[in-house]
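Please read each point with the model open.

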Amino acid sequence: MEQTITISNQILTLNVSTTGAQMTSLKCGDTEILWQKNPEVWNSTAPILFPICGRLWDNKYLYNGQEFQMGIHGFIRFSEFDIDEITSDSVTLSTNHTPKTKEQYPFDFTFRVKFTLEDNKVNIFYQVTNNDSKEMFFSVGGHEGFACPEGVEDYELEFPDDEFIIRRILSEGFFNGEEEKICLNNHKLALKYDEFERCTYILRLPKSKNIILCNKSRTVNVGLGNSTCVALWTLQDRKYLCIEAWCGCSETEGYVKNISEKEGIICIKSNETFSHEHSISVPNVSE
């Protein structure tokens, strides 16, 4: 049964659901930082992506010659998590493979998530352990939606260490082999709904280790940690922007091969563990 866990410090209050280990609210004082899910718009807030990030061509992949079916962003966001530990400012949750997950993904695993509050920052830690006797292949990432009450076009994104970014062009959600160079204005990208309507921004290996979403009234700083790809997503007139820190990459158009050959895939041996971390901080929030 789904539960909601609340942790807090003097600055932040975080709610986490045991379904998908999804953050459902992050408040700084009375100000909500995360999009609040709405079934008529987008019925998620901050899903976790595993064992893939993005879509698979025809929703399928191959492993050792066998075909498997899996929907967009994998299944972990629908999994029920156990509560391993709660303190006043942290919570750790975990889930394991089940017969149902093995129909989609033929590996034994443990997936652990830890959220820790540190002053004005949330540290987010994902840990994947291979409990199988064979090598395990996967991608993992976050998909936080940040509230933009005035509309996304009132905001800009700052890439502190980039003069330009390289955007992969998608066709129906798949990389079509084309890229474009986008020159930034003083490290900043103006946000336009028409550009998101054209396709999601998929950025491979930006130099910046953090991305800052800001306007006159609020600032959210997303630390990318050890991410290898960043996805930026919204749709026309929606009042949120997703900044997605991935260890993985979107699928190439027409690609149906062994998952071990997928671009950006992570491989860990039996009994090995892989960790992915990123963060959210709110240095300036006002009504």
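1. An open sheet contains four strands in the order β1-β2-β3-β4, and their pairing is antiparallel. Its edge strands, β1 (4-8) and β4 (31-32), each pair on one side only. Strands pair here if DSSP finds at least two bridges between them. Helices (H or I, at least four residues) and strands (E, at least two) are DSSP runs, numbered from the N terminus.

2. The basis of these comments is a predicted model, in which local features need pLDDT of at least 70 and side-chain atom pairs count only at pLDDT 80 or more, while totals for chains, interfaces and linings use all residues. Residues are numbered from 1 along each chain as its sequence is written, and side-chain values use heavy atoms, with hydrogens and water left out.

3. Within the sheet, strand β2 (residues 12-17) runs antiparallel to strand β3 (residues 23-28), and five bridges join the two. Asn15 has Ser25 in β3 as its bridge partner.

4. Buried denotes under 20% relative accessible area, exposed over 50%, and partly exposed in between (1.4 Å probe, protein chains only). Four bridges pair β6 with strand β7 (residues 66-69) in the antiparallel sense. Opposite Leu62 stands Glu67 in β7. The hairpin of β6 and β7 has two residues between the strands, and Asn64 takes a positive phi near 50° there.

5. Another hairpin is formed by β10 and β11, with two residues between them; Asp119 in the turn has a positive phi of about 55°. Strand β10 (residues 109-118) and β11 run antiparallel and are joined by 10 bridges. The bridge partner of Leu117 in β11 is Val122. Strand β11 (residues 121-130) is mostly covered, with seven of its 10 residues buried.

6. Which side chains meet Arg167 in salt bridges? One partner is Glu180, at 3.2 Å from N to O. This pair links distant parts of the chain, since Arg167 is in strand β16 (residues 164-171) and Glu180 in strand β17 (residues 174-183), 13 residues apart. A salt bridge requires a side-chain nitrogen of Lys or Arg within 4 Å of a carboxyl oxygen of Asp or Glu. The other partner is Glu195, at 2.6 Å from N to O. Because Arg167 lies in strand β16 and Glu195 in helix α2, the pair ties together parts that are 28 residues apart in sequence.

7. Is Arg167 buried or exposed? Arg167 counts as buried because its relative accessibility is 0%. Glu180 is partly exposed, with a relative accessible area of 24%, and Glu195 is also partly exposed, at 27%.

8. The structure holds 12 salt bridges. One of them joins the side chains of Arg204 and Glu263 at 3.7 Å, N to O. Here too the pair links distant parts of the chain: Arg204 is in strand β19 (residues 201-204) and Glu263 in the loop between β23 (240-247) and β24 (266-268), 59 residues apart. Arg204 counts as partly exposed because its relative accessibility is 27%; Glu263 is likewise partly exposed, at 30%. Elsewhere, salt bridges that share partners join Arg167, Glu180, Glu195 and Arg198 into one network.

9. Glu153, Asp194, Glu197 and Asp237 form a negative surface patch. Patches are made of residues with over 30% relative accessible area and no salt bridge, like charges being joined within 9 Å and nonpolar side chains (Val, Leu, Ile, Met, Phe, Trp, Tyr) within 5 Å. Asp and Glu count as negative and Lys and Arg as positive, while His and the chain ends are not counted. The place of a charge is taken as NZ of Lys, CZ of Arg, CG of Asp or CD of Glu. Accessible areas come from the Shrake-Rupley method with a 1.4 Å probe; for residues, only the protein chains shown count as cover.

10. Asp237 is in the loop between β22 (229-233) and β23, and Asp237 is exposed, with a relative accessible area of 58%. A separation of 26 Å lies between the C-alpha atoms of Asp237 and Asn210, which are 27 residues apart along the chain.
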